[in-house]
Amino acid sequence: MLDYLFFLSDAAFDNVREKERQSQRLLKLGEKLRLRGKACTKEELSYPLELLLEIEDSYGYTDLPEDWRKHAEVLSCPEEPILLFNLESDEQLNAFLLALREAQNRHELRAFPHKAVLTENNRKWPLAYLAQQLESEHHMMQQALKLQKAIEQAADILKERGGQAPALETLIHEAEAALADAELLSSGEKVQALVQRLAEAE
């Protein structure tokens, strides 16, 4: 059973040589921590995570189910690197993340914006589907941060006015409610429109 796996898209690197260097450095980082890792290929994007991680009860697979292959084929190849962990303890995870951060500070490894942990819920997902979910969550988080900043700025204006701006106060409440709306946060256009309304209301 593997402790971690990762996927490095061609789009994230200037050339194949740099991509290969990054792959080897990440594998060596794991070796120093006595962890077994694997670099996944584009062809393996349709494979379920538990099969890629060589989990024992996955060895019964001979051919991947057709629905997994079809599902993965309609998903785009992820542009950002993905790092998936299958570790037994939080201590191992924290040690790996610390070593990764130190290597990044030394400019030996690039950032991995998409990280995940294997769970009972996602273990049968194709790697491509996990990548899509991670990219979606990352996008939503960025939109939420943008909206939160606009709310804070509007709240400061409201405070300066002694709370005497009913329209602005109503808009702030609307924006705060939007932070809990996953569908709205997934739309950059809707978030931008709300941020613009907050700015104009100031």
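## Strands β1 and β2

Strand β1 (residues 4–7) and strand β2 (residues 37–40) run parallel and are joined by four bridges; strands count as paired when DSSP finds at least two bridges between them. Leu 5 stands opposite Lys 38 in β2. Between β1 and β2 the chain passes through helix α1 (residues 16–32), giving a right-handed β-α-β crossover. Right-handed means that, with the strands pointing away from the viewer, the path from the first strand over the helix to the second runs clockwise.

## Basis of the model

This is a predicted model, in which local features need pLDDT of at least 70 and side-chain atom pairs count only at pLDDT 80 or more, while totals for chains, interfaces and linings use all residues. Residues are numbered from 1 along each chain as its sequence is written, and side-chain values use heavy atoms, without hydrogens and water.

## Overall make-up

The protein has eight helices and four strands, in the order β-α-β-α-α-β-α-β-α-α-α-α from the N terminus. Helices (H or I, at least four residues) and strands (E, at least two) are DSSP runs, numbered from the N terminus. Of the 202 residues, 39% are buried, that is, under 20% relative accessible area with a 1.4 Å probe, protein chains only.

## Helices α5 and α8

Helix α5 (residues 127–160) packs against helix α8 (residues 188–201) at an angle of about 10°, and their axes are 9 Å apart. The two helices α5 and α8 are therefore roughly parallel, a term for angles under 35 degrees. Axes are lines fitted to C-alpha atoms over the stretch in contact, with angles from 0 to 180 degrees between N-to-C directions.

Residues of α5 that meet α8 include His 139, Leu 147 and Ile 151, and those on the α8 side include Val 191 and Leu 198; contact means heavy atoms within 4.5 Å.

Conventions. Angles under 35 degrees count as roughly parallel, over 145 as roughly antiparallel, 65 to 115 as roughly perpendicular and the rest as oblique. Buried means under 20% relative accessible area, exposed over 50%, partly exposed in between (1.4 Å probe, protein chains only).
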